[in-house]
Amino acid sequence: MILARYRPLLAVPGVRRALWLGLAIRTPMWAANVVLTLHVVGALHRSYGAAGVVTMAATIALGISGPWRGRLLDRRGLRRMLAPCLAVNLVCWSAAPFLPFEALVPVVALAGLYGIPAFSITRQMMMAATPLDQRTAVLSLESVALEVSFMIGPALGVLLLTWWPTTWVLLGCQLGAWAGGLALWWANPSLQHEDETDGPEVAAAATSTKATEAAEITEGSAPADPRRVRPLWLTAPVPAMLGISTATVLLLVGSDLSIVAALRAMGHPASIGLMLTLWGAGSAIGGVIYGGLHRRMSPVWLLAGLALTTLPAALADGPVVFGALMVLAGLFCAPTLTATVDELSRVVPLARRGEAMGWQSGATTAGSALGAPVAGFAIDQAGWQGGLTLTALVGLAVSLAAGSASAVGRRRRR
């Protein structure tokens with residue numbers, strides 16, 4: 001039975017602690033994202049475009065901070081990396097709910113630059129608590145927990161707004177996330193399994209990187225300085241995994257917006273929340289199934305599966321068929337992200353895993369930032385069907401490109 005594989009994992013104290021800390025930080029974070037938009041529109045009496053500017057400022061800052069924070073995590077350790085994040089976030093979010101719009105934007109951006117990297121740290125905690133042969137299962141469990149926090153957080157934020165104004169709800173949500181970060185600092189968990197060493201995938205990636213550097217020298221480039229460490233995002237096959245991460249989230253954000261547009265066009269706007277919940281449940285089920293398998297799957301094929309199962313939903317002519325097809329597509333969401341993180345953790349040295357997870361977090365942030373305008377443009381031009389079709393085709397194209405790059409890398413190693 002698939003679920004039987006998760007029982008030993010849930011019995012590990014480190015796994016349980018990572019799950020609880022992840023929920024404690026990420027649930028109020030998701031809630032705060034929704035409340036921040038409603039605060040700008042309601043309390044500050046600005047447009048949704050202005051709210052988008054605030055979100056964009058936070059998104060760009062988070063994208064920049066991911067690799068930076070990850071590198072600091074590798075070099076200085078968890079507590080020394082988290083301490084300035086906690087200090088800056090406490091100051092910024094204690095003031096932000098009470099600021100006018102012009103001051104809110106830079107304060108939110110500053111808080112994003114010092115954002116608590118809860119997503120990457122939680123994944124590293126899960127990997128550190130289990131041996132390598134259980135990594136796929138434990139990362140799948142983490143992705144399911146992520147889906148749960150995503151389903152609870154926004155609904156909780158909206159519920160709190162029925163009782164209190166946006167100013168105090170925003171303050172409470174952000175302080176709740178800050179308290180979770182403080183608990184993480186206090187716990188100071190290990191981020192590396194005691195028996196883990198660099199595996200054969202790391203050696204293969206290093207071989208491919210050396211082949212690339214040799215090719216650059218042959219083509220006339222200046223020889224590389226042996227004392228200089230090659231940027232991680234240029235180390236094969238890291239670029240392919242980052243591209244898959246970006247394309248996956250772009251496709252998911254495009255699907256999210258297209259679901260809203262589709263149900264409005266079909267005359268069922270009241271069903272939007274239910275549809276998004278079903279789609280998220282499909283992702284959680286897919287994550288559980290994937291983690292229960294006894295073999296890994298390539299992120300390239302999983303992204304292709306996500307794109308190919310999303311495309312038919314653009315042909316749906318009613319909410320029932322549309323919902324069924326979106327649940328089917330949802331089955332590939334969590335497995336694709338899980339497989340990408342799993343593969344990335346195997347091809348980078350342990351000493352640089354924090355930086356790798358930071359780059360992966362930055363790649364998903366880039367996908368989130370690109371997904372809304374790309375899907376929005378397609379929806380404006382061709383309706384909700386265009387939003388699904390364009391983002392799915394982008395995902396399919398990236399999967400083909402990543403697959404081709406992997407094939408080239410294998411030939412170089414041979």
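Patches are made of residues with over 30% relative accessible area and no salt bridge, like charges being joined within 9 Å and nonpolar side chains (Val, Leu, Ile, Met, Phe, Trp, Tyr) within 5 Å. The model examined here is predicted, so local features need pLDDT of at least 70 and side-chain atom pairs count only at pLDDT 80 or more, while totals for chains, interfaces and linings use all residues. Residues are numbered from 1 along each chain as its sequence is written, and side-chain values use heavy atoms, with hydrogens and water left out.

F98, V148, F150, M151, I152, L156, L159, W163, W164 and W168 make a nonpolar surface patch of about 990 Å² (accessible areas come from the Shrake-Rupley method with a 1.4 Å probe; for residues, only the protein chains shown count as cover). Helix 7 supplies the largest share of the nonpolar patch, six residues; helices (H or I, at least four residues) and strands (E, at least two) are DSSP runs, numbered from the N terminus. One of the patch residues, I152, has its place in helix 7. I152 counts as partly exposed because its relative accessible area is 42%, where buried means under 20%, exposed over 50% and partly exposed in between (1.4 Å probe, protein chains only).

The structure holds four salt bridges, each defined as a side-chain nitrogen of Lys or Arg within 4 Å of a carboxyl oxygen of Asp or Glu. In one of them, E142 pairs with R26, with the closest N and O atoms 2.6 Å apart. E142 lies in helix 7 (residues 135-161) and R26 in helix 2 (residues 13-43), so this pair ties together parts that are 116 residues apart in sequence. Both ends are buried: E142 has a relative accessible area of 3%, and R26 has one of 1%.

E142 also forms a salt bridge with R123, the closest N and O atoms being 3.6 Å apart. R123 is buried, as is E142. Through shared partners, salt bridges join R26, R123 and E142 into one network.

A further salt bridge connects E102 and R46, whose closest N and O atoms are 2.6 Å apart. E102 sits in helix 5 (residues 101-113) and R46 in the loop between helix 2 and helix 3 (48-76), so to speak distant parts of the chain, 56 residues apart.

Finally, T309 lies in helix 12 (residues 299-310) and counts as buried at 14% relative accessibility. The side chain of T309 reaches the backbone oxygen of G305 at 2.7 Å and that of L306 at 3.1 Å.

Methods:
A polar contact is a pair of N or O atoms within 3.5 Å; within protein, one must be able to donate a hydrogen and the other to accept it, and residues adjacent in sequence count only if both atoms are side-chain atoms.
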